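Open the structure in your viewer and show the whole chain.

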Amino acid sequence: MGNALRFLCSHCCKPTAAGDSESLGPHGVSSSTVGVSALAQDLFHFDITSQVPEGLSKHVVSSKKAQANWYTRHILHTKLITTKHAWKEAKPPPKTPEEAARLVIQTLKRHQKADVEGLLAFYGLPLPHTLVQVTVQSPSSLPDGVQFEMHTLPVDAKAVADGDTITVYVSTTDPRESAFVPGNVHAAAVRRSEARARRNFAEADAFHKQIIDSGYRVIHIQNEEILAKKYRIRLRGIDAPESAMPYGKEAKIELTKIVQGKPLRVLVYGEDRYGRSVGDIYCNGIFVQEMMLKKGLAWHYSAYDKRQELEMWEKQARAKRVGLWASKNPEKPWEWRKDRREAACST
């Protein structure tokens, strides 16, 4: 087995824990990690046994002989996804479900639609109509209206509140932040470090609480402790379904997938009435709002943002009927919130 496939299997092919609350796909693996790891595992198995996975026939229309042909000629010769040759020659090897899906679609483009979609569904990979192509990259200079720019530490999954709100942290070594750190926060950070050195963790936790209450936190990254300022970010120009609404959970999951474990570039345009910084977010150069709109997991918040490209991306998702647009008449989140405010006032 090639180095890339060996690396992939060692990092991705992990059994689902008993009692895991995540739903399982037809392949029997967690829906958030399916595509790449399950496919790598099956290709490794096929490389040894020449047997296609059990249950695949329920999802495709072609015979088992044809299925085996996909796993041999198309995988080995045209470099579909993972075997020992393909993973090494794909630059870089697919790491995300979207990347794996694109390779499947490209390789099986002359096959029946039912086979392509069936194979994708079997591995929990995105279907062709749900894949999006991003067009906007992180700007090289600050656009008009930007009040300031921040570069965050990698985002924790728990920091994603819903489909349009994220809590981020910015290191106080950042030039903009360093000049504004309160003296009491600096002092508490020093005393916390001293308490930890004495292994007095109760005292250290008390100092950390003071730091947190002041809007900061000490974050551990790669064996380093970083004092960081906390910001709540409201994604500018979009409004995702609330958690209790249809597609609210899906919107949160998608935003988490985009930003988890990655540093962000945030261009801040102002502050809303809840004290959140309203900004455009870029992750690895990708415009996050574009992704959310094109995947049909947010509305263009036209009452507060008139950008035509956001309106266009929403219309594209509507036309493809992806995400919340699979419903004929999805409820607008701002109307949903208004109805509940009025209901609360009337009681």
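**Whole chain.** Start with the surface: the accessible surface of the chain comes to about 18,900 Å², and 51% of that belongs to carbon and sulfur atoms. Keep in mind that this is a predicted model. Of the 347 residues in the chain, 44% are buried. Switch to a cartoon view, where the chain shows 13 helices and ten strands. If you display contacts between residues at least 6 apart in sequence, 66% of them join residues at least 24 apart.

**A helix pair.** Next, select residues 97-107, which form helix α5, and residues 113-122, which form helix α6. The axes of α5 and α6 come within 10 Å and cross at roughly 155 degrees. An angle over 145 degrees counts as roughly antiparallel, so α5 is roughly antiparallel to α6. The crossing of α5 past α6 is right-handed.

Now show side chains in both helices. Which residues of α5 and α6 meet? From α5 come Ala-101, Val-104 and Ile-105, and from α6 come Val-116, Leu-119 and Leu-120. The residues of this contact divide into six nonpolar, no polar and no charged.

**A loop residue.** Finally, select Lys-306, placed in the loop between β10 (299-300) and α12 (308-320). Is Lys-306 buried or exposed? Lys-306 has a relative accessible area of 67%, so it is exposed.

How values were computed. Residues are numbered from 1 along each chain as its sequence is written. This is a predicted model: local features need pLDDT of at least 70, side-chain atom pairs count only at pLDDT 80 or more; totals for chains, interfaces and linings use all residues. Side-chain values use heavy atoms; hydrogens and water are left out. Axes are lines fitted to C-alpha atoms, for helices over the stretch in contact, and angles run from 0 to 180 degrees between N-to-C directions. Helices (H or I, at least four residues) and strands (E, at least two) are DSSP runs, numbered from the N terminus. Angles under 35 degrees count as roughly parallel, over 145 as roughly antiparallel, 65 to 115 as roughly perpendicular and the rest as oblique. A crossing is left-handed if the near helix is turned anticlockwise from the far one by less than a right angle, and right-handed if clockwise. Contact means heavy atoms within 4.5 Å. Ala, Val, Leu, Ile, Met, Phe, Trp, Tyr, Cys and Pro count as nonpolar, Asp, Glu, Lys and Arg as charged, and the others, Gly among them, as polar. Buried means under 20% relative accessible area, exposed over 50%, partly exposed in between (1.4 Å probe, protein chains only). Accessible areas come from the Shrake-Rupley method with a 1.4 Å probe; for residues, only the protein chains shown count as cover.
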